[in-house]
Amino acid sequence: MNSNWWWNKQWVIRDNGPLARLFDPDDTLVLEPNTADDIPLFFWIRFDNKDPKKSACWKDRYVYAVGVTPPATSLVYSWDDTKPCDQQAPGVREHYNGMVNRVRSTAENPFTARLEGHIPVDSHWEIIRFFCFQGAQPNGRDWITVDALQKNPAPGVHDISNPKLLEDGTGHGDPPH
Amino acid sequence: MNSPFPANHSWIIRDNTIPGLLDIGDTLTLSPNTVLGPPQLFLVQYTGQHTFWNGTAFYPVGITPPAIALHYSWDDSLSAQQQPAAARADFNVASAGLHNSAMNPQVARLLGYVPVDDHFAIISLFCFQAAQPNGNDWFAIDSRWSVVAPRQDGTAHGDPP
């Protein structure tokens, strides 16, 4: 995450998955380096949300590049940016959700390379992680995932009746055309 | 903050203003991920009753080390309540200054988080070499627990045994 291809690049959210409280499809974000004169040490999150309440979560927040090893991805399908997430070709959305979960499963490993920060949501902090993948889609387009961790579920416990667990999750997107 | 200085150093909590997170006498040791070059992260080894600290990762972030000026040395043979009032106040002022700067992304620190109950506390570790007049090192642990309830935030501090 310390190369510069993803800096100052506009990303469009294509699917907000379980993170509807943080952003909507077609919201955009830019990760802006803190300096243009040297190697940046952190990045401002410039999220352009349609919903002002969601904008408030991202205002003046930042992430740091941390970790060492980039997570692996292997997207077999390309996302069709002309269609909303629920009108993708059969299997595509499920494929992306599977890849999102794969990335998410590595995110707790401290060695995994990522952009990490925290944002205020309601009355608590959420841990935010960005993963940027260059040319990850078969059509050569880049891909980004945004992971949010509201709380740590106990290992092995996946109680879907607990709404707090359902609020964790990952959204994803790619650059505009 | 990615110099070898904070690494493999056992730190003892000498004063505690973060109930539920740290107790006086707890120890933290920061293990670097590598001894070949600057570490990218530190893993915490903890002794005490708040075992959620164990294995948490802290990353060196920021640019500018915060400035502190301690005028008194902490007497490690006395409890926090038995310190001279001026000494404890001096350390509290330094801690408060760090708490104020902990949300500035430019400020150099070790940053991580720990799960507490059903949410996260954002933790900044500040380590200062020979910061006390007697030459002892000093460290402060800052917590941002909740956005809307600042009484739950705070700073603990300590020094090596």
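Predicted model: local features only at pLDDT ≥ 70, side-chain atom pairs only at ≥ 80, totals over all residues.
**View 1. The contact between chain A and chain B.** Chain A contributes 17 residues to the contact, and chain B contributes 20 residues. On the side of chain A that touches chain B, two or more residues come from each of strand E4 (62-66), strand E5 (114-121) and strand E6 (124-133) of chain A. By residue type, this side of chain A comprises ten nonpolar, five polar and two charged residues.

**View 2. The largest nonpolar core and the surroundings of A:Tyr64.** The largest nonpolar core holds 77 residues, of which A:Val63, A:Tyr64, B:Phe58, B:Tyr59, B:Ala121 and B:Phe139 touch the most other members. Strand E6 (residues 119-128) of chain B gives the most to this core, namely eight residues. When residues up to four places away in sequence are left out, A:Tyr64 touches A:Phe42, A:Leu115, A:Glu116 and A:Gly117, together with B:Tyr59, B:Val61 and B:Leu111 of chain B.

**View 3. The backbone at A:Asn8.** A:Asn8 lies in the segment before strand E1 (10-15) of chain A. Although A:Asn8 is not a glycine, its phi is positive, at about 50°. A:Asn8 is partly exposed, because 13 other C-beta atoms lie within 10 Å, and the partly exposed class falls between 12 or fewer for exposed and 20 or more for buried.

**View 4. The backbone at A:Asp26.** A:Asp26 is located in the loop between E1 and strand E2 (28-33) of chain A. This residue other than glycine has a positive phi, near 80°. A:Asp26 has 15 C-beta neighbours inside 10 Å and therefore counts as partly exposed.

Notes: Residues numbered from 1 in each chain as written. Chains lettered and ligands numbered in written order. Contact = placed C-beta atoms within 7 Å. Helix = DSSP H or I, 4+ residues; strand = E, 2+ residues; numbered from the N terminus. Nonpolar A, V, L, I, M, F, W, Y, C, P; charged D, E, K, R; others polar. Core = buried A, V, L, I, M, F, W, Y, C linked by C-beta atoms within 7 Å.
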